[in-house]
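Take a look at the complex below.

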Amino acid sequence: MSAKEVKKNSIIQNALKLFSTKGFYNTTIPDIAKSMQMSVGNMYNYFASKEELAKYAIKYSTNILAKQLRTINHMDISCKEKIFLFTREYLENVKDSPEVIEYFLRVYLSNREVFAQGCEGFLCVSEFVTEVMILLDEGAEKNELRQQEFFSAFSMVMGCLGGFAFLSGEKVLDKDLLEYSDSVAENIYRALKSDKT
Amino acid sequence: MKTVDIIERIEGEAKLVCSWENSRISDARIEFLNFRGFEYILKDKPALDTLIYTPRICGICGQAHLKATVEALENIYTNINEPLEVTNKAKLLREIGLNIEIIDSHIKWFYMFIMPDIAKLSSDIKYEKYKAIKGSQWLNASKITSEIIKSLAIIGGQWPHTSYMVPGGVMSDPTLLDLTSMQNYLDQAVIFFENSLTGVDIIDYLSFDNIDSLEKLDYALKDFKNISFENELEKIGKSYDSHIVLASSSLFESAKIKTKNKHKIDINKVKEENINSFKVNSTKKDNEYTWSKTALYNNEFYETGPLSRALVSNRSFIKSIHKEYKDSVFTRVFARMDEFAHLLIKTKDLISKIDISQESYIKPKYSYSEIEHASSISTVEAARGSLYHKIIMEKGIIKSYDVITPTVWNLGPGINAKLGVAQKAIIGVDSLEKAQIILRSFDVCSVCTTH
Amino acid sequence: MTRHKPKIVWLQAITCNGNTHSLLSSNSSRFELFLNSFDLFYHPSLTTDTSLDDAINLENIDFLLIEGAITSSSDYFTISDNNILDLLIKLANKASYIISVGSCASFGGIHAKFDEDKSIKGVPDYLNNLELNNLKQKIINLTGCPVHPEWILQTLFTLKNNKIILLDDKQRPKEIYYGLAHHGCTRNEYFEWKVEAKSFGVKEGCLFYEQGCRGPMTHSNCNRVLWNDVNTKTRAGMPCIGCTEFDFPRENMLETKKNIGIPTQVPLGINKRAYLTITGVAKTFKIDRLNNKLINKEEYENS
């Protein structure tokens, strides 16, 4: 990774925190520059606009998940085990870097107009969506999962995980987040699993 | 005395075994010794895959099998009281496709499978043009058939072996320009009919209603007529003269004729016997001599094919020829070429009737896998006569698929001292050459017979 | 110009004769040139002056073409009272070139699905291990159900002039089968942008997603060398059923096998992850031109 890319990622990490706590519109480029101890002018060397930064940020944050799921997909374990493992890693993310998931929920999903040009649909999240496809495809191929429409299966996985991150963000959970991991995974798996197994 | 001859150029081969008494054939057996087992192959296959399999029963009449399969599959829906909606456009495109294949088949049969043999009956060198491969007429016929079939490829994508018909309609969606091209290819067939086959304007020809009009013919049909009369082909090849047409279409009426009375068809009276036929997985018995089964209607033998269709549909020119020469080789061959003219003009008319704004295909509401148990029958008029398909299906899987091809009606073995149609036609003639021509006059399709 | 006409013997084994009718449906001037350039010595459906025995008695056969599958059993199929395999070997020993015409001759095809005769196979299955002394090149498979007539003509003319033809790992002429049926399909743009055909019977959309089209996995040049000079199945609206491949006929040929909505097989040699990523991206763009009817019903009604 070039020095410029390292710097870019560092800006994104800071921006994620600000965006997810203050909201997209309440965060300005000078705010981000300040948190980076950079000049505003220098910031523009890295990102031409706040919108561009926002798009990079969503790619950055979902690629973290995509990478984790890709590693899991490559493992020689059952689909059920993959779902349990991924759920755990995902919730660990929520716990350790809540800004990554918060950004997805509170900025990406809530401010679609920001992402309308060049980041619509799956464009900025395609690597992660692909890994979910691979997970589901292989599970169905091995008859562990039942056949259904892709989007109904996809929303089952993502709705469940996203919802749990929301509950965590709202601090309404009475136990440690990770203690829920297996039961969340169990719910996802049961919803998708083949009737025959 | 006994003679055994292998007959080729009948879409495969057959063996003609004749017993002779006083220089005449006293008994004849037509043996089809090859079996490909399509009904076995089709068992346990998914319903829609039959659309791919059955056209491959036969390289020359695959579209007839395709249409029979698609209609049998559609009849399944009718039989569970959920009839499919199929647009008129789709129905037309199916009938047109089948007709084009029949037209092609009739020309090939005349020029490649029977005329070279008929021409050999004469020593006149002017008939050398009918020689296989080398003769100008043979080549001319091969050219026009390759042109005509392009019109089917426009809607089917290719020929042979397209499966463009599907329950609910057809897979293609031709433009008006496509339909125009189809008309153009068929117009070339019209020119061929006028300039190579008959020398008569096709519309004038279709108005012929009297046997005297035979005198107006020129070119190939005139040659055929002259050689026929020189060799008395109008006197041989007669059989029961009972005719059956199982299916109807824009051109053909379905009915049976026996001793002049025309009756409606009751499909349940169609029966297949295998008393004298080989059976799969069992040792051959003495009386068994062919893979062809025997097709019967109400326990009687019937002839099927263009002659039967012309008689049932009351086409006056053939009726007047038939009145004079009965179900002879001459009448049978002539009826087939007469049908070429009628099909050609009818098909052009059908193309002009297509409303291209209609849907080509309407998706069925239920899939076959949702249907617990169902069976159905379909019938189609193919080049060589009536074709029958019967399906029994459970949850979208074929449990049984029965095919009765036209050639089974005509060429199947006799049973219980009753002769088969072609058997009866052959017995009594005084030469092997003639016996072979009689056999050919039925337009034998060996591959279909023993599918 | 001296004209040596190489001798062709065409054998029909377990077949529907579809390859013969395919040849007869070739471009007519090409067919005429073929008849003028070769000596079609024996073909059971076409020649009248020669018999199978005449073919067997030939000293040398330049091109032995076989249509249909082969069996070593005589239980269900013989050719003029000959066991098919015996006859094939007799003829093969005289042949300079052996060409399996169609998928049945090449791999057994549809006829190999007849379970009651387990010995139904392709020509190479029986002949590849034999030492055939006259053979100038190993057996050539022209697959397809039926074969495209132009493939027969191109192969024969090429061998006549060039003596050798490049083969792929399935013994097919590489220059015919290097590409996929997909190449040249008029629906390609729909494939690029992942716009599926909404149903059968439409001009719009790609048949890969629902209708089972095997174009991107099937070696053939159907969409470059058109059928009957005018069309192809996929152009007309019928999915490719992969008839040139060794696994034809497969099961459920008119629907795309999918897992949770994702095609189980992706185009040949393409990494599935890469394919799915591109798919997700392409599907994001709703392109009006590709999602609209090419010709609206109203336009017909108003014309």
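What follows goes from one chain to its interfaces and then to a recorded site.

This is a predicted model, in which local features need pLDDT of at least 70, side-chain atom pairs count only at pLDDT 80 or more, and totals for chains, interfaces and linings use all residues. Residues are numbered from 1 along each chain as its sequence is written, while chains are lettered from A and ligands numbered from 1 in the order in which they are written.

Start with chain C. It has 13 helices and nine strands. Both are DSSP runs numbered from the N terminus: helices are H or I with at least four residues, strands are E with at least two. The C-alpha trace of chain C spans about 65 × 45 × 35 Å along its principal axes. Of the 303 residues in chain C, 50% are buried. Buried means that 20 or more other C-beta atoms lie within 10 Å of the residue's own; exposed means 12 or fewer, partly exposed falls in between, and C-beta atoms are placed from the backbone. Among contacts in chain C with a separation of 6 or more, 72% join residues 24 or more positions apart. Two residues are in contact if their C-beta atoms, placed from the backbone, lie within 7 Å.

Chain C splits into domain 1 (7-176) and domain 2 (179-303). These bounds come from an automatic or database domain assignment. The C-alpha centres of the two domains of chain C are 32 Å apart. Where they touch, domain 1 of chain C gives 13 residues and domain 2 of chain C gives twelve. The domain 1 side has four nonpolar, seven polar and two charged residues. Here Ala, Val, Leu, Ile, Met, Phe, Trp, Tyr, Cys and Pro count as nonpolar, Asp, Glu, Lys and Arg as charged, and the others, Gly among them, as polar.

Now look at the partners of chain C. Its contact with chain B takes 57 residues from chain C and 63 residues from chain B. On the chain C side, α1 (18-24), α2 (28-37), α10 (233-236) and α13 (297-302) each supply at least two residues. The largest share, five residues, comes from α1(C). By class, this side of chain C has 25 nonpolar, 21 polar and eleven charged residues.

The contact between chain A and chain C takes 20 residues from chain A and 13 residues from chain C. On the chain A side, α7 (126-141) and α8 (150-169) are the elements that give two or more residues. The largest share, ten residues, comes from α7(A). This side of chain A has ten nonpolar, five polar and five charged residues.

Finally, turn to chain B. An unreviewed UniProt entry lists Cys58(B), Cys61(B) and Cys445(B) as "binding site". They are spread over 388 residues of sequence, yet they cluster in space, with a largest C-alpha distance of 9.1 Å. Such annotations may be inferred rather than shown by experiment; feature names are shortened, and positions follow the numbering used here.

Cys58(B) sits in the loop between α2 (50-53) and α3 (62-79) of chain B. Why does Cys58(B) count as buried? Because 33 other C-beta atoms lie within 10 Å of Cys58(B). Beyond its neighbours within four places in sequence, Cys58(B) contacts residues including His65(B), Cys445(B) and Cys16(C).

Cys445(B) lies in the loop between α14 (432-441) and α15 (446-449) of chain B. Cys445(B) has 31 C-beta neighbours inside 10 Å, so it is buried too. Leaving out residues up to four places away in sequence, Cys445(B) touches Cys58(B) and Cys61(B), among others.
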